[in-house]
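Q: I have a model open and would like to go through one residue and its surroundings. Could we take it step by step?

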Amino acid sequence: DSKGKIVSINKSFSKITGYRKDEVIGKSPSILNSGIHDKQFYKSMWASLKNNSAWQGEIWNKRKNGEIYPAWLSIAKAVNPKYNEEFYIAIFTDITSLKEADRKLHFHANYDILTKLANRVQFESHLKSTIESCKRRNSKIALFFIDLDKFKDVNDTYGHTVGDEMLKTVAKILEQSIRKEDFIARLGGDEFVLIIKDVKDNEDMLHLAHKI
């Protein structure tokens, strides 16, 4: 209502939030606040409702059980002509599944599914930004290209399951060989690449190659 209190909900509200009707009627919608958004977020929301009579956008809310979830919220201001009183209608959709799909899509686009390492797309982007950064800082990087010999023989002799386990094992070994600030990717097949930042001594890179 005009005082910002909940006067009516439908069954889907209870299904999404976990709150029963008697638990929310007369309460402020702030009971759904997740704590993620700052005061400015809500201030802008109310300013839009005041000036444009509407607001819509993505918001993080909290269910009764404490679980935080993403929602797409649309609020519209209306007027009850009988009493000449303003009220608000809010419609929201739980978009958790969409967020999860988006996260998976992003992962598939940037990472190798088998080894969980960065893929060729992310490698090319990272290499470009690293080179630009090194130019600005006048520092050096090392680039390692690693190809596994006779990997096809492993697949042909022991099967792709064993071959996959081998690739995952190699990925772990390579990850353990470098620092957290360095970068590793699988380009595809049996090809891996490493980007080592802030190289001080070429001898160190020879030692790393020997270690790997």
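Q: Which backbone oxygen does the side chain of Arg186 reach?
A: The side chain of Arg186 reaches the backbone oxygen of Gly189, at 2.9 Å. This is a predicted model: local features need pLDDT of at least 70, side-chain atom pairs count only at pLDDT 80 or more, and totals for chains, interfaces and linings use all residues. Residues are numbered from 1 along each chain as its sequence is written, and side-chain values use heavy atoms, with hydrogens and water left out.

Q: Which side chain does Arg186 join in a polar contact?
A: That of Asp112, at 3.0 Å. A polar contact is a pair of N or O atoms within 3.5 Å; within protein, one must be able to donate a hydrogen and the other to accept it, and residues adjacent in sequence count only if both atoms are side-chain atoms.

Q: Is Arg186 buried or exposed?
A: Arg186 is buried, with a relative accessible area of 12%; buried means under 20%, exposed over 50% and partly exposed in between, with a 1.4 Å probe and protein chains only.

Q: Where does Arg186 lie?
A: Arg186 lies in strand β5, residues 183–188. Strands are DSSP runs of E, at least two residues, numbered from the N terminus.

Q: Which strand pairs with β5 over 5 bridges?
A: Strand β6 (residues 191–196), in the antiparallel sense. Two strands pair if DSSP finds at least two bridges between them. Within this pair, Ala185 has Val193 as its bridge partner in β6.

Key: Helices (H or I, at least four residues) and strands (E, at least two) are DSSP runs, numbered from the N terminus.
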